[in-house]
Amino acid sequence: MKSYTLYLFRHGLTKGNLNAQYIGHTDYPLTSDSISALHSIKAKHHYPQVEAVFSSPLKRCVDSANIMFPKNNPIVINDLIEYNF
């Protein structure tokens, strides 16, 4: 039987996150500081080579996936969208 390793990553910070808001389906973009932080984390730490990257359809999630796994095109799965409060 084939086995898989699954890695879970949370998206970078948005203005709503910084304001301690539950933003649900609100499609806030990543902040410029968060984009810089993700690039810095990617440069400093080893990230695994993966066969596939799956993402929520929200921009903050797709953009985070593109930064952290630039060789993979995220596969967007609508059912992975965050809860809507």
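1. In what order do the elements of the chain run from the N terminus on? They go α-α-β-α-β, with 3 helices and 2 strands in the chain (DSSP runs: helices are H or I of at least four residues, strands are E of at least two, numbered from the N terminus).

2. Bear in mind that this is a predicted model, where local features need pLDDT of at least 70, side-chain atom pairs count only at pLDDT 80 or more, and totals for chains, interfaces and linings use all residues. Residues are numbered from 1 along each chain as its sequence is written, and side-chain values use heavy atoms, without hydrogens and water.

3. On confidence, mean pLDDT (the predictor's confidence in each residue, 0 to 100) is 92 for the chain, with 99% of residues at 70 or more. Helix H1 (residues 15-18) is lowest, at a mean of 86, while E2 is highest, at 98.

4. E2 covers residues 75-76 and includes Ile75. Ile75 counts as partly exposed because its relative accessibility is 40% (buried is under 20% relative accessible area, exposed over 50%, partly exposed in between; 1.4 Å probe, protein chains only). Across the chain, 32% of the 85 residues count as buried.

5. The C-alpha atoms fill a box of roughly 45 × 30 × 20 Å along the principal axes.
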